[in-house]
There are 6 protein chains.
Amino acid sequence: RDSQVHEKNEVGLVTGLAWTELGGSILQTEVQVLDGKGKMTPTGQLGDVMQESAQAALTWIRSRAHHLGLPEDFYRNIDIHLHVPEGAIPKDGPSAGITMATALASALTKIPVRRDIAMTGEITLRGKVLPIGGLKEKLLAAHRAGIFEAIMPADNKRDFNDLPELIRTSMKLHFVESMDEVLEIALAGKLPKLEEETPQALEQMLPPQQRDGVPSSARQ
Amino acid sequence: RDSQVHEKNEVGLVTGLAWTELGGSILQTEVQVLDGKGKMTPTGQLGDVMQESAQAALTWIRSRAHHLGLPEDFYRNIDIHLHVPEGAIPKDGPSAGITMATALASALTKIPVRRDIAMTGEITLRGKVLPIGGLKEKLLAAHRAGIFEAIMPADNKRDFNDLPELIRTSMKLHFVESMDEVLEIALAGKLPKLEEETPQALEQMLPPQQRDGVPSSARQ
Amino acid sequence: RDSQVHEKNEVGLVTGLAWTELGGSILQTEVQVLDGKGKMTPTGQLGDVMQESAQAALTWIRSRAHHLGLPEDFYRNIDIHLHVPEGAIPKDGPSAGITMATALASALTKIPVRRDIAMTGEITLRGKVLPIGGLKEKLLAAHRAGIFEAIMPADNKRDFNDLPELIRTSMKLHFVESMDEVLEIALAGKLPKLEEETPQALEQMLPPQQRDGVPSSARQ
Amino acid sequence: RDSQVHEKNEVGLVTGLAWTELGGSILQTEVQVLDGKGKMTPTGQLGDVMQESAQAALTWIRSRAHHLGLPEDFYRNIDIHLHVPEGAIPKDGPSAGITMATALASALTKIPVRRDIAMTGEITLRGKVLPIGGLKEKLLAAHRAGIFEAIMPADNKRDFNDLPELIRTSMKLHFVESMDEVLEIALAGKLPKLEEETPQALEQMLPPQQRDGVPSSARQ
Amino acid sequence: RDSQVHEKNEVGLVTGLAWTELGGSILQTEVQVLDGKGKMTPTGQLGDVMQESAQAALTWIRSRAHHLGLPEDFYRNIDIHLHVPEGAIPKDGPSAGITMATALASALTKIPVRRDIAMTGEITLRGKVLPIGGLKEKLLAAHRAGIFEAIMPADNKRDFNDLPELIRTSMKLHFVESMDEVLEIALAGKLPKLEEETPQALEQMLPPQQRDGVPSSARQ
Amino acid sequence: RDSQVHEKNEVGLVTGLAWTELGGSILQTEVQVLDGKGKMTPTGQLGDVMQESAQAALTWIRSRAHHLGLPEDFYRNIDIHLHVPEGAIPKDGPSAGITMATALASALTKIPVRRDIAMTGEITLRGKVLPIGGLKEKLLAAHRAGIFEAIMPADNKRDFNDLPELIRTSMKLHFVESMDEVLEIALAGKLPKLEEETPQALEQMLPPQQRDGVPSSARQ
Ligand SMILES: [Ca+2]
Ligand SMILES: [Ca+2]
Ligand SMILES: [Ca+2]
Ligand SMILES: [Ca+2]
Ligand SMILES: [Ca+2]
Ligand SMILES: [Ca+2]
Ligand SMILES: [Ca+2]
Ligand SMILES: [Ca+2]
Ligand SMILES: [Ca+2]
Ligand SMILES: [Ca+2]
Ligand SMILES: [Ca+2]
Ligand SMILES: [Ca+2]
């Protein structure tokens with residue numbers, strides 16, 4: 001049984017799309033940011049692959065701290081709890097990667113996530129969005145739950161022709177390459193202006209000519 | 001065999017409702033707050049799902065520190081022990097979520113919990129109350145134990161017509177959406193007046209225009 | 001084979017009563033308090049339930065620090081070793097709860113425990129004594145070992161009529177509700193005068209009107 | 001299904017070559033360096049051997065800090081995440097050693113890795129490159145993915161004659177002895193000039209005559 | 001095959017007696033004390049019971065710090081390695097308790113242990129010596145190895161009549177009640193004069209009338 | 001397939017001898033010392049016994065810090081990685097003890113190890129060398145690999161007559177009692193002059209009359 005979608009845009013709450021042998025379903029992912037010491041707790045009976053996916057999502061977030069308007073070491077003074085209700089249902093797989101990354105980005109920036117959109121896609125450490133399985137079933141589940149806009153990996157365009165007529169005509173489908181596009185679409189507010197970033201601690205350790213991402217030997 | 005209910009309202013002690021193949025039963029949940037270093041210890045032969053449920057309950061509490069009249073970093077200097085007697089009986093499932101959250105809230109605020117009320121419901125990180133199973137058996141167990149008031153998830157209203165006449169007429173049933181409602185009903189004292197809250201540590205890290213939950217880009 | 005009882009009242013050494021398919025037996029529980037960093041080590045091939053029981057016993061002790069004449073944060077600078085010889089025999093179950101709590105209380109206060117008394121009972125975090133099984137076999141084992149006084153849960157009064165004539169007439173049986181009664185009977189010395197207590201650290205964090213266990217809203 | 005190779009040289013992203021019963025495939029390895037406390041997190045469903053291989057790669061990097069232009073204790077203030085997508089596919093074996101070491105070196109020095117090259121080889125703590133299996137299948141996979149240059153262990157020269165004509169004539173093959181050669185070939189920029197190095201902390205602990213790698217007794 | 005006994009009295013090296021289905025054997029136990037942070041490492045393929053036995057031995061040592069002439073918090077600045085060669089042979093059981101405690105006492109006080117004596121016995125936290133099995137086989141193994149003096153539990157006197165004539169007439173047998181007796185016999189030097197001791201840290205925390213082991217209420 | 005021996009004496013690299021049902025083989029053991037916090041990482045698919053053996057080797061090294069010209073607390077500021085390639089081959093047993101100790105000693109003192117020598121032997125915490133199995137097969141493997149000098153336990157002299165004529169006449173065999181002899185033979189440089197040593201931290205804690213290894217009571 002699908003939970004109904006929440007009633008207003010919320011901070012740290014994102015609608016993901018899951019797929020089992022029984023068909024597709026929507027899956028809320030929620031994140032709370034707490035005063036703490038740099039610990040992430042993933043709960044909701046998440047399998048190994050899904051837990052690693054949460055770690056990858058968090059690493060992408062940490063590597064994009066400047067982009068999100070956060071200090072580079074923001075992670076040191078907070079704890080993060082990422083939960084996927086319903087708590088008794090085992091869940092696994094990498095396809096919640098972008099959902100978890102979006103929930104993290106929203107909880108940290110306090111920019112709400114659009115409640116009328118769902119998403120699915122594996123994430124890499126650099127925020128590339130990798131293809132997933134079960135697209136048709138997932139989009140049907142979104143449609144059933146009353147969600148008519150969805151984000152999915154660009155590499156899943158190959159599945160477009162197999163989607164039911166209903167989905168292709170009544171839903172707005174975003175095929176994306178990167179997490180930056182996901183946040184652009186899914187957040188109900190704008191991130192600060194993007195600038196190229198260098199980890200500050202590292203920057204101070206490097207000889208001057210190697211700072212700012214352009215090593216001296218590669219400059220010539 | 002059901003334990004009898006305790007004789008007066010106590011701090012950190014809440015009556016939950018459990019359900020097994022053998023029928024329903026009441027289940028005391030107790031919390032002690034100790035001088036410590038930010039560690040929670042759940043005991044009572046709790047399964048994985050129930051332990052994650054305790055973590056979710058604690059996260060909700062931590063995210064609501066201001067609301068409960070506690071400093072945001074209250075968690076750093078205490079240890080919390082959450083125990084569900086009887087210690088030899090294995091227990092599992094997410095439906096003790098609101099019971100554990102109520103016990104935590106009471107132990108931290110030192111406001112006693114009403115001894116004449118029982119409860120059941122899954123909790124999310126934002127304190128939403130999700131539906132549970134076995135409602136009929138649970139309420140019959142409460143009734144047998146001499147408890148005539150109960151709190152349960154709003155989504156379980158669908159089970160109302162299946163409840164025995166006895167329960168529907170002799171018990172006061174609260175169908176709730178959120179933990180805030182649970183505390184309003186179950187605590188034998190009032191919480192401090194609610195105000196909208198922002199994690200302080202984070203607040204100091206964010207650029208001024210993003211503080212207080214309304215990002216600048218979303219304001220226009 | 002039962003160990004014989006030790007020859008004089010000792011600090012941190014308590015005689016418990018155990019029960020297996022082979023009958024009852026007495027079981028010494030010993031506690032040493034060491035200079036340390038707040039770690040408890042339970043040994044003696046203790047099963048999961050019994051280890052959780054030791055944790056519950058310790059939490060009750062920590063929550064009763066003032067009552068025992070100890071500073072609230074006494075736990076930070078000591079290590080505690082709780083051992084149940086004989087080391088090769090696996091042991092489990094919750095019924096050593098009050099035995100372990102008594103050994104802890106004695107080791108911390110340095111008040112000896114009476115050597116001529118045995119005990120059995122599950123403990124809760126608030127020091128309530130819950131009923132146990134195998135009472136007849138346990139009391140017969142105490143009698144065989146030359147112990148003629150025993151402490152057990154008040155809820156086990158239901159088993160009184162099933163006890164052998166020998167036990168009922170020759171032994172002094174204490175049916176108790178709480179750990180406070182257990183210590184009153186078992187310690188060979190008196191605890192400091194009891195006073196109502198509030199965790200100090202917490203107290204300083206709370207708004208003045210909520211201190212001392214009576215929330216302002218409940219006072220009216 | 002092979003992922004396609006990324007479109008430009010990137011920092012911390014390297015194309016490795018893997019081999020299963022189903023044939024060879026290319027396998028991206030990516031590394032992110034984060035503000036942190038000296039923790040490495042390997043993800044991507046990596047088996048025990050592959051995780052130890054990641055540790056060996058990191059140790060080689062740490063032992064070569066000066067060579068890479070990094071302070072000797074660079075590791076203390078960063079966290080490293082090494083991920084091998086696709087996250088749901090289990091991976092194991094030692095042959096990604098040099099791939100992981102190259103990704104680490106690139107992420108730490110911020111010198112990009114050439115996108116038109118692939119590699120395979122076990123690594124030792126001293127950066128020696130040990131032979132691997134499945135060379136033919138791996139090179140065919142590289143060729144299929146449109147990569148025509150590859151790095152492999154010198155000891156695999158014994159497999160040269162068994163390689164298909166296509167591979168031997170159309171690909172540029174580097175048979176190497178050491179990680180230094182790997183970096184020389186794979187990085188799209190030059191490392192700082194190499195100098196002989198001594199761990200500084202240790203150096204300060206040793207009597208003067210033993211410093212700088214030449215023990216006094218061996219000097220005569 | 002028995003190892004031969006070492007050639008001179010050594011610090012931290014004690015000959016224990018073990019017993020398997022194949023008969024008895026001698027078993028060296030060795031302890032090294034290192035500059036460190038309060039960690040004990042037991043090695044030699046020791047089973048659970050034997051590892052707990054090592055913990056009990058260490059606790060007794062820590063509780064007897066003054067008696068051994070060590071500061072109460074000696075444990076904080078050292079690491080202890082307890083090893084039982086031969087490293088490939090699995091060992092278990094509680095009967096090496098007094099052997100391990102003697103090795104610890106010797107390594108910490110630097111008083112050598114007599115090489116011409118062997119021992120067996122379970123230890124409790126208070127240094128009581130509990131009975132063990134296989135006494136005949138163990139003493140025969142000591143005799144075979146050329147050791148003619150042995151320490152064993154007083155409760156094993158019941159086995160005396162079953163010992164072979166050879167053992168009873170040619171060996172010097174010590175039946176002991178406590179670890180204090182064991183050290184008196186086994187150490188090749190004298191411990192400092194015994195004085196009654198109180199954990200200092202605790203002492204400072206207690207109200208004056210409860211210090212020095214005699215609670216005020218028990219004094220009258 | 002045996003790895004070939006490396007081409008020059010190296011620091012922290014030692015040739016050990018292993019033995020399986022398939023015969024003997026040589027096995028390189030390598031150690032890197034890194035700036036760190038006192039952590040040892042053993043890798044190379046090492047079994048439990050072999051990992052404990054690495055710990056025993058490290059303890060012997062730590063207990064001999066002065067002898068090796070290192071400060072007593074050298075371990076606090078370094079991490080040690082001990083690796084036994086090839087990474088995919090599971091290895092176990094205690095006979096690499098002296099090989100690992102030699103690699104550690106070399107890596108810490110920076111005195112190279114002779115490349116033309118191989119070794120096998122179990123180590124104890126005091127650096128005694130215990131006998132091992134499969135000597136014939138091991139020496140044959142060394143011979144095949146072009147190594148004509150080997151170190152082995154004195155207790156294995158009993159196997160001398162069973163060695164093939166080839167080995168007995170063409171190889172230089174060292175039968176040793178202690179690690180001190182191993183280092184004397186295997187290091188390509190001399191250690192600083194040996195002096196009797198006392199752990200400094202401990203020394204400061206002991207009453208003056210017990211310092212320097214001769215307790216006052218044993219002096220008379
Ligand atoms: Ca930066
Ligand atoms: Ca930083
Ligand atoms: Ca705030
Ligand atoms: Ca804060
Ligand atoms: Ca207080
Ligand atoms: Ca306190
Ligand atoms: Ca240096
Ligand atoms: Ca350094
Ligand atoms: Ca003292
Ligand atoms: Ca102290
Ligand atoms: Ca010294
Ligand atoms: Ca020191």
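Q: Which residue of chain B forms a salt bridge with C:Arg62?
A: A salt bridge is a side-chain nitrogen of Lys or Arg within 4 Å of a carboxyl oxygen of Asp or Glu. In this predicted model, where local features need pLDDT of at least 70, side-chain atom pairs count only at pLDDT 80 or more and totals for chains, interfaces and linings use all residues, side-chain values use heavy atoms, with hydrogens and water left out. Residues are numbered from 1 along each chain as its sequence is written, and chains are lettered from A and ligands numbered from 1 in the order in which they are written. The closest N and O atoms are 3.0 Å apart in the salt bridge that C:Arg62 forms with B:Asp79.

Q: How many salt bridges does the rule find across the interface of chain C and chain B?
A: Contact, meaning heavy atoms within 4.5 Å, involves 34 residues of chain C and 41 residues of chain B. Across this interface of chain C and chain B, the number of salt bridges found by the rule is four.

Q: Which element of chain C supplies the largest share of the side that touches chain B?
A: Across the interface of chain C and chain B, 13 residue pairs are in polar contact, both residues at pLDDT 80 or more. A polar contact is a pair of N or O atoms within 3.5 Å; within protein, one must be able to donate a hydrogen and the other to accept it, and residues adjacent in sequence count only if both atoms are side-chain atoms. Helix 1, strand 6 (122–123), helix 6 (200–205) and helix 7 (216–219) of chain C each supply at least two residues of the side that touches chain B, helices (H or I, at least four residues) and strands (E, at least two) being DSSP runs numbered from the N terminus. The largest share, eight residues, comes from helix 1 of chain C.

Q: How many of the 16 residues of helix 1 of chain C are buried?
A: Helix 1 of chain C covers residues 48–63 and reaches 23 Å from its first C-alpha to its last, close to the 22 Å expected at 1.5 Å a residue; the expected span is 1.5 Å times one less than the number of residues. Buried means under 20% relative accessible area, exposed over 50%, and partly exposed in between (1.4 Å probe, protein chains only). Helix 1 of chain C is mostly covered, and the number of its 16 residues that are buried is 13.

Q: What area do chain D and chain A bury between them?
A: Here 42 residues of chain D are in contact with 35 residues of chain A. Buried area is the accessible area (1.4 Å probe) that two parts lose on being put together, summed over both. With 54% of it on carbon and sulfur atoms, the area that chain D and chain A bury is about 3000 Å².

Q: Which residue of chain A meets D:Glu30 in a salt bridge?
A: Four salt bridges are found by the rule across the interface of chain D and chain A. In one of these, at 3.2 Å from N to O, the side chain of D:Glu30 meets that of A:Arg126.

Q: Are B:Glu149 and B:Arg114 buried or exposed?
A: The two residues form a salt bridge within chain B. Both B:Glu149 and B:Arg114 are buried.
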